[in-house]
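This note is intended to be read beside the sequence and the structure. Its points are numbered so that each may be checked in turn.

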Amino acid sequence: MLLAGWENLRTPSSGLLACSVSTDQANRLRGNIPEEFGKLFRLKTLILFNNELGGEIPRNLSSCIGLQYLYLRYNQLSGRIPDELRYLVERELIVFDVTVNNLTGGIPSWFGNGSSLTELWGNSLHGEIPLEIGNYFPHLRVLCLPANRFSGQVPHSLPNATRLEDLFLTSNSFTGNVPANLGNLRNLTRISFSDNQLTGPDSLRFLTDLTNCTKLRFLAFDHNKFRGEIPASVANLTNTLQFLLLESNHIIGNIPPEIEKLNRLRVLAIYNNSISGEIPHGIGKLQNLTYLLLWHNRISGAIPSSLGNATQLLRLELSENQLEGYIPPSLGWCRQLQELLLSDNNLNGTIPKEVFGLSSLSLSFDVARNSLTGPLPLEVGNMSQIVDVDLSDNRLTGEIPSTLSQCLMLRSLDMAGNLFEGSIPPSLRTLIGLQYLNLSRNRLSGQIPIYLENFTVLEALNLSFNSLEGETLHCYLAEYTVGTGDGQISDADTVRFEENVADIMRIGVLCSVKLPNERMDMTNALSELRAVREKFLRHGM
């Protein structure tokens, strides 16, 4: 019998075998879980997830002596896990799921009596996980304890829970080493120790242990304090591995060339480390790769042209490295690419028209702070769905292409710090969705386009350090900078200067008020004066 209505729960049938009340956002249940559930003596399944239920877990649920599946995830339950539930754990409970609630306390020691448990999910708990937890549950398939406040060491008994398929200890405060012999978990498909404080000498050696886990699809040890090099044995992990996440650690050394053997890999994230050397040429053999995230390392050499063979790429992020040479035209073969981020390197040469020809680029194209040269090709207009373009601080020349007007989804356009010349094209009047426009520090001339007044969502406009002319635009902006950069003060500069002087005078008056309770205190005065100073500096005054 399946009960689907909350109003019936006040007078439930003691013969009820299953109850499922999971709802969409518009019809979520509120209040506490009724004590009447404790009268459902034959209940085997209770599913109340995705609601807004609060209060504590009813203690008398322990009367449901045949309960096997208890799903209470995605609610607002509070308090500790009731000790009375030990009677369910000692009998037939198979799944205990309280993920995404507000529970407190630790994992009760009596969970060790739950030989039937196959899934244990929880959150907002604290303390240490019982050291013998791996010996408690011979049938445990899922241990999912993310976003808790557990501390101490990861229990070294975990490899004894040999039936584990999913092991998630993400976002806690675990310290020390990863348990040895994780390779005993031969059925493991997903493992995540992300966002902890794990470390140790040669602390990546566990990757070699995991090569015995031949069913592994998801491996995440990012945002920890692991040191050492990625071992060449990573290539032996498994040909089923799809996610390898090691970002935000203290990893050094090269990317092992053997990584090309992980031919099912979809996401490779090792950004924000201290990895050096070159990107292996063979990485282009990973034809299922969708995300390659290597930013903020010390990687040098050229971007391998073989990356063009990774035609399923959606995001390629190589920013903040020491890459040099040309942007390979072969990246134009990546017809699914949505984000290309190459800023803060030593790249030179022109931007290939094959790259600008990628109509798939819809999120971000960022090559800022390199040494790129030459004009922008007309093909830039093919990025008609692009939202964010940053070409700043290069040596790009020529006129601003009129075809930029075809990029109708643009929200941010930064072309500052280049050698662009000529006028701002009239065709750019189509870019009415712009929120940020920076054309400063170029060689632009002519009139400031009056059509910019129609850019109603524009928040910041910087045209300073050019040779532009024209009157102050009548538009409402958080930042509006139109300094000429030739030693003269434009109309816009005059308005900005007067506003800043008025702010200084206002602060002075407020500091001079006779009544102490109405006088501006020095802390606030200094804070506001610093803000005025920043405005002066920002606008080159």
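1. Strand E28 and strand E30 (residues 371-375) are paired in the parallel sense, with two bridges between them. The model discussed here is a predicted one.

2. Strand E26 (residues 322-325) also joins E28 through two bridges, and these two strands run parallel. Here Glu 324 has Asn 346 of E28 as its bridge partner.

3. Which residues of E28 lie on its covered face, and which on its uncovered face? Strand E28 spans residues 346-349; Leu 347 and Gly 349 form the covered face, whereas Asn 346 and Asn 348 form the uncovered one.

4. Elsewhere, four strands make up an open sheet with parallel pairing, in the order E11-E13-E15-E17. Strand E11 (126-127) and strand E17 (197-198) are at the edges and have a single partner strand each, so one side of each lacks a neighbour in the sheet. The pairing of E11 with strand E13 (residues 149-153) is parallel and rests on two bridges. Within this pair, Gly 127 is placed opposite Phe 150 of E13.

5. Is Asn 196 buried or exposed? Its relative accessibility is 6%, and because residues under 20% count as buried, Asn 196 is classed as buried. A polar atom of its side chain lies 3.1 Å from the backbone oxygen of Leu 169. Leaving aside residues up to four places away in sequence, Asn 196 touches Leu 169, Thr 170, Ser 171, Asn 172, Ser 173, Phe 174, His 223 and Asn 224.

6. The largest nonpolar core contains 131 residues, and those with the most contacts inside it are Phe 96, Phe 111, Leu 167, Leu 219, Phe 221, Leu 244 and Phe 365. At least two residues of this core come from each of helix H1 (86-89), helix H3 (206-209) and helix H4 (353-356). Another core, of eleven residues, lies apart from it; Val 142, Phe 218, Leu 245 and Ala 269 are among its members. In soluble globular proteins, nonpolar side chains generally tend to be buried together.

7. Phe 96 may be examined as one member of the largest core. When residues up to four places away in sequence are not counted, Phe 96 touches Leu 70, Ile 81, Leu 85, Phe 111, Leu 117, Glu 119, Leu 120 and Trp 121.

8. For the chain as a whole, there are six helices and 39 strands. Of the 541 residues, 53% are buried. Among contacts between residues at least 6 apart in sequence, 53% join residues at least 24 apart. The accessible surface amounts to about 24,000 Å², with 48% of it belonging to carbon and sulfur atoms.

9. Finally, the confidence of the prediction should be noted. The mean pLDDT of the chain is 85, and 82% of the residues reach 70 or more. Over residues 1-11 the pLDDT stays under 50, and the model shows 27 contacts beyond four places in sequence for this stretch. Residues 484-492 likewise have pLDDT below 50, with 17 contacts in the model beyond near neighbours in sequence.

Technical notes
Residues numbered from 1 in each chain as written. Predicted model: local features only at pLDDT ≥ 70, side-chain atom pairs only at ≥ 80, totals over all residues. Heavy atoms only, no water. Pairing = 2+ DSSP bridges. Buried < 20%, exposed > 50% of the residue type's maximum accessible area, 1.4 Å probe, protein only. Core = buried A, V, L, I, M, F, W, Y, C linked by side-chain atoms within 4.5 Å. Contact = heavy atoms within 4.5 Å. Polar contact = N/O pair within 3.5 Å; in protein donor to acceptor, adjacent residues only side chain to side chain. Areas by Shrake-Rupley, 256 points an atom, 1.4 Å probe, with all protein chains shown as cover. pLDDT = per-residue confidence, 0-100.
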